[in-house]
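Student: I would like a close look at one part of this model, followed by whatever else can be said with care.

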Amino acid sequence: MSKKAIVIVESPAKSKTINKILGPDYVVLSSMGHIVDLPKNKMGIDVENDFKPEYIVIQARRKYMAQLKKEVKKVDTIYLAADPDREGEAISWHLKKQLGKGKKVFRVTFDEITETAVKKAFKNPHPIDINLVNAQQARRILDRIVGYSLSPLLWKKVTRGLSAGRVQSVAVRLVVDREAKIKKFVPDEYWDIEAHLKKKNKEERRFFSAKLEKINKKDFEIKNEKDIESTVEDIKKNEFVVSKIKEAKKKRSPQAPFTTSKMQQDSFNKLHFPVNKTMRVAQQLYEGVELEGKESVGLITYMRTDSVKVSHDAQEAAAKHILKVYGKKYYPQKPNVYKSKKRAQEAHECIRPTLPLRTPESVREFLEPDQFKLYELVWKRFISSQMTPALHSVNTVEIEAGIYLFRTSGTKVVFDGFMVLYPVITAPEAEDEKRQMPWKIPMLEIGERLNLMKLIPSQHFTKPPARYSDATLVKALEEKGIGRPSTYAPIISTIIIRHYVKRIRGYLHPTELGDIIIELLVKHFPKIMESNFTAEMENELDDIEEGKIEWRMVLKNFYAPFMSRIDAAKENMKSIKKEGVKTDEICDLCGKHMIIKWGRRGKFLSCSDFPRCKFAKSITTGIKCPAPDCEGELIERRSKRGPFYGCTKYPNCKYTSRGLPKQEENPEETKKEEPKEDTP
Ligand SMILES: [Zn+2]
Ligand SMILES: [Zn+2]
C-alpha cells in the first residue's frame, strides 16, 4: 500500500510534531518557508500588465523543490498546512501552483499543533483563501516598489548599500523624532515638601510621611529654593490636624491573555528578551518540543495573533486547574471574556498554553532555560486571565496645617486574586510609584493633632521623554496602527541591522546615518513618512484580506504619485555624497572644515574642499583594539549582516566584534517566515 497523502508545512520542527499526530498514512514534508519569490536582481513587477509579479523559485529552495516534486508523484492528495495567516496562505498557494497539477489539493489550518486541533483541521479541509493570498501579494509588491525605488536613490545621494522601506523608515522616524525631542528638552525645576509626622502620645515612636498637596485649596508650584525656604518657615507656624480619613476598596482586574505585541512587551520587561528572541523561542514552543519519551509536542498556540479570544476547551481546562489548586474564591462566577481591538483577526485565538493543565514545572526538565521562562510567562498570563480580580484597600489621610494641606496614603491587599499567580509589575519607568508604598499609617482620628518631626523640601527637575525600548516601540507601532503581529519583530531587527538605530543598554538611539536618511526622506516623501499614511495602507491590506477591495486598485492608487515623487527626488534631493554632514573638526592639511561622509564600509571624515584637498580620516570609537600587540583602535563598520566593529589597522589586524564591550546589543538573524521588507 502506498501512502495516503502528502502534507507540506514550512519547517522541520513543525513537520516532526505533525507527523507524530497523523501517523504512518501521511508523509509530512517541509518547504523551509517560502519557495518562490520576486527575483533579487530586478524589480520583477510588470506594472503595465496590471502589476503582474514575476515569481521565481528561490535559489536556496531549489533542492527542496526537486525533492517535493519527486515525493508528490507518489500520491494523489496534497494537504497544505502552513501557518494560519497571510504568509502561510501565500506559501500554500505557491506550493499548489508548483506541485498541484492533477492532484487533489487541500488547505488545512489550525491555531495549535495538538492532536485534537490537527485532526479536526484534517476533517475540515478547505480551498485556499485567495483574499489572504492577495493581501500578501499586495504587501509584497508594495514593499518591493518602495524598497527597490528608494534604495537606489539613497545609493546615489548618500552611499551604496543603504536601504529604505515602507514601514521600517517610519519606525526609524519615530526613534529619530524622539531623540530630537530629548535634545530640545529643557528641564524645569520644581520642589515638593514632605512632612514627617507622629502621634502625640509618647509610646508611639514611629513617624509617617505626608506630602504637601495644596496651598489655599489650590495645587501649588514652587520653582526655586528661595520660595521653598519661606514656605517651609510659614508651614512650621501651624499646628498639624487630621482633617479627613478615607478608606476605599480598589479592584484590580486580571489582564487579557497574550497577543503578539503584549507578549513581546511583557517578555522584554520581565525576562529582558529582545522582541526577536521572544518570537524565536515562541516559535519553538509552538512548533513542538520533545517531552517525555522523545515525543514532540506543541506547547503554545500560534504566536502571531492580535486576538484575545479563548477556546471553550481551554477556558474549561483553566477553570479546572484554578478550582483545584486555588479554590472557589479564585474563580469568577462567570468566565472572564476579553475584547480584542477593532480589526483583530477573530478567527484566531490568543497566545496560550495548548494544554492549560501542563504546568511550567511539569515540563521544566525538557525545556531549554529560555523556553521554560517564556512558557511560564505565557502559562501564568493565561491562567491568571481566567481568575478573580485582586482587591486592595487604599487608606488616604489628609492633614491640615493652616492653609497647607498634606496627604498620605497606604495600600493593603485585602484579597490577592489573580495576583497570586501573575503579580502586576509595571515597566521600569513606573519605578517611582513603588517608592510611595511602604509607609504604614497609624490609627488616626479626625481632629487629632500631630507632632511635626521634620519638614523635608526636595528639588526635582522634569524629565525628558524616555527613549524607546523594544517594548515601547512595539507598543507605539501597535497604537499607531503601523505593522501587524507578524512584522513588529522584523521591523526592529531590520532598523538595527541597517545601522539606522542602535540598541544601547536596552534603549534605541538613532545613528547619524538614521538621522540624515530620515531628514532626506521626510523632506522628499512627506506622505510615506507619515504614521497615518502607513496605518491607512495597513488597513487597506486588511480590506483586501476581507475581500472588500481589489488588490490591484491599492497598488494602482499608490504607484503613480509615489513614482512622481521618486522622479522629483532624483532631481532635487541634496547629495550627501558631495556635501556630507558638517562637523566642527578642522582639516589637518588645509584648515577647512571636515565633513562626515559614508563610504562602502562605514562613515569617515573628509575635507570639505574635496576633491581639491584629499585629506580624510576614519572616525574611531577611541577604544583600543583588544587584539594582542595591536596599536589600533576600534572603528564602526557596516556590512550586509549588520553593524560591527573592526580595527583601524585593517588589513594588518583582522579583529572584529558585533558590539563594543558591554555597550551594544545587536539582534540575531531574523526569522525567514516573517515578512521582511524588500531591499535590493
Ligand atoms: Zn583639507
Ligand atoms: Zn587591531
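Student: How are H5 and H18 arranged relative to each other, roughly parallel or roughly antiparallel?

Tutor: The model is predicted, with local features needing pLDDT of at least 70 and side-chain atom pairs pLDDT 80 or more, while totals for chains, interfaces and linings use all residues. Residues are numbered from 1 along each chain as written, chains are lettered from A and ligands numbered from 1 in the order written, and side-chain values use heavy atoms, without hydrogens or water.

Helices H5 and H18 are roughly parallel to each other (an angle under 35 degrees), since H5, residues 130-157, and H18, residues 551-572, pack at about 5° with their axes 11 Å apart. Helices are DSSP runs of H or I with at least four residues, and strands are E runs of at least two; axes are lines fitted to C-alpha atoms over the stretch in contact, with angles from 0 to 180 degrees between N-to-C directions. On the H5 side the contact (heavy atoms within 4.5 Å) includes Asn-134, Ile-141, Ile-145, Leu-153 and Lys-157, and on the H18 side it includes Trp-551, Phe-558, Phe-562, Ile-566 and Glu-571. By class, this contact has 15 nonpolar, three polar and four charged residues, where Ala, Val, Leu, Ile, Met, Phe, Trp, Tyr, Cys and Pro count as nonpolar, Asp, Glu, Lys and Arg as charged, and the others as polar.

Further along the chain there are zinc sites.

The zinc ion (ligand 2) is coordinated at 2.3 Å by the SG atoms of Cys-625, Cys-630, Cys-647 and Cys-653, and its donor atoms subtend angles of 102 to 115°, a tetrahedral arrangement. Here the spacing is C-x4-C-x16-C-x5-C; Cys-630 and Cys-653 are both buried. Pro-626, in the loop between S24 and S25, is in contact with Leu-634 and Tyr-655, leaving aside neighbours within four places in sequence.

How values were computed: Angles under 35 degrees count as roughly parallel, over 145 as roughly antiparallel, 65 to 115 as roughly perpendicular and the rest as oblique. Donors are N, O and S atoms within 2.8 Å of the metal (3.2 Å for Na, K and Ca); water is not among the atoms, so sites may look incomplete. Four donors count as tetrahedral if all angles lie between 85 and 135 degrees; four count as square planar and six as octahedral if opposite donors are over 155 degrees apart and all others between 65 and 115; anything else is irregular. Buried means under 20% relative accessible area, exposed over 50%, partly exposed in between (1.4 Å probe, protein chains only).
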